Amino acid sequence: MKNYLKLLNFEVNRFFKLYLTLIGLIIVSQFIGAIVVSKGYMNGVDQVMYKNQLSMSQYTQEYGLFSFNQFVGSEWFLLPIFFSIAILMIYVFFIWYRDWFGKNTFIYRLLMLPTERITIYFSKLTTIMLLVLGLVALQIVLISIEMQIVNSIIPTDLQSHFSFNDDYSLERLYPNTLTEFILIYGVGLIFVAVLFTAILIERSYGLKGIFIAIVYGMLSFGVFIAPLLLNRLLNGYFYSLEVFLMELVMSVIVLVSAIWIANHLLKYKIRV
């Protein structure tokens, strides 16, 4: 455990400067966006009310209320999130390949550490998940602040009630129950674990490893969605709970097999 925590701290620190840059980008873009979108809306309201000689209640009856979703759906809010997701997706590969192709082939120093090699795999996997969950937690805090910014510019009489359930993308990002949280981010964990194992396959077998890694990825995906496909082929024969339980079993199989294969490759195929 001590070696795992040391490796985890090491991996997080390697990405920390870029991570802070992503956080800064999200904060600046969304705060500016909250102001720009709100002021743009109010300017439009003022022009319409002045031109048509409408009261605020008349305006809302004719044109409706401002929804916070108008900001959430804007490029100010979405672009920094998509950019951060893209960077993290790239880092899923970079976290391994940097060790092989970086200065002094650092992977060999990692593999020679006096600890089980699978610990390296777990530390990198945990790092990715911590980075993702960190951004999710940050976004929850930012939305609360952004709502205050919007409220300070747009009168509450012109706004409709907002909740995370009002926006599908936010509902997926911030599940309401522990079960939904485990399902959504558990799938993400499995996805990253399969990618990590595919990378190790490629590293272990060279050029032919690329083909093997692709086949492995396709097989893992096939196993994962098998219960859904089976239920569709049988025209919804199984109950939702039965499909869920089968999907849960398949998920465990995919995750455990990814870890087992990765452990085998690190022990016996990747040589120092």
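Contact means heavy atoms within 4.5 Å. The model shown is predicted, so that local features need pLDDT of at least 70 and side-chain atom pairs count only at pLDDT 80 or more, while totals for chains, interfaces and linings use all residues. Residues are numbered from 1 along each chain as its sequence is written, and side-chain values use heavy atoms, leaving out hydrogens and water.

**View 1. Contact between helices α6 and α8.** In α6, Tyr121, Lys124, Leu125, Ile128, Met129, Val132, Leu133 and Val136 meet residues of α8, among them Phe181, Tyr185, Gly188 and Leu189. By class, this contact has 14 nonpolar, two polar and one charged residues. Here Ala, Val, Leu, Ile, Met, Phe, Trp, Tyr, Cys and Pro count as nonpolar, Asp, Glu, Lys and Arg as charged, and the others, including Gly, as polar.

**View 2. Crossing of helices α6 and α8.** The axes of α6 (residues 118-153) and α8 (residues 178-233) come within 10 Å and cross at roughly 140°. Helix α6 is therefore oblique to α8 (angles under 35 degrees count as roughly parallel, over 145 as roughly antiparallel, 65 to 115 as roughly perpendicular and the rest as oblique).

**View 3. Arginine 109 in helix α5.** Arginine 109 belongs to helix α5 (residues 106-111). Its relative accessible area is 53%, and arginine 109 is therefore exposed (buried means under 20%, exposed over 50%, partly exposed in between, with a 1.4 Å probe and protein chains only).

**View 4. Proline 114 in the loop between α5 and α6.** Proline 114 lies in this loop and is exposed, because its relative accessible area is 76%. From C-alpha to C-alpha, proline 114 and phenylalanine 66 are 59 Å apart in space, and 48 residues apart in sequence.

Conventions. Helix = DSSP H or I, 4+ residues; strand = E, 2+ residues; numbered from the N terminus. Axes fitted to C-alpha atoms, helices over the stretch in contact; angles between N-to-C directions.
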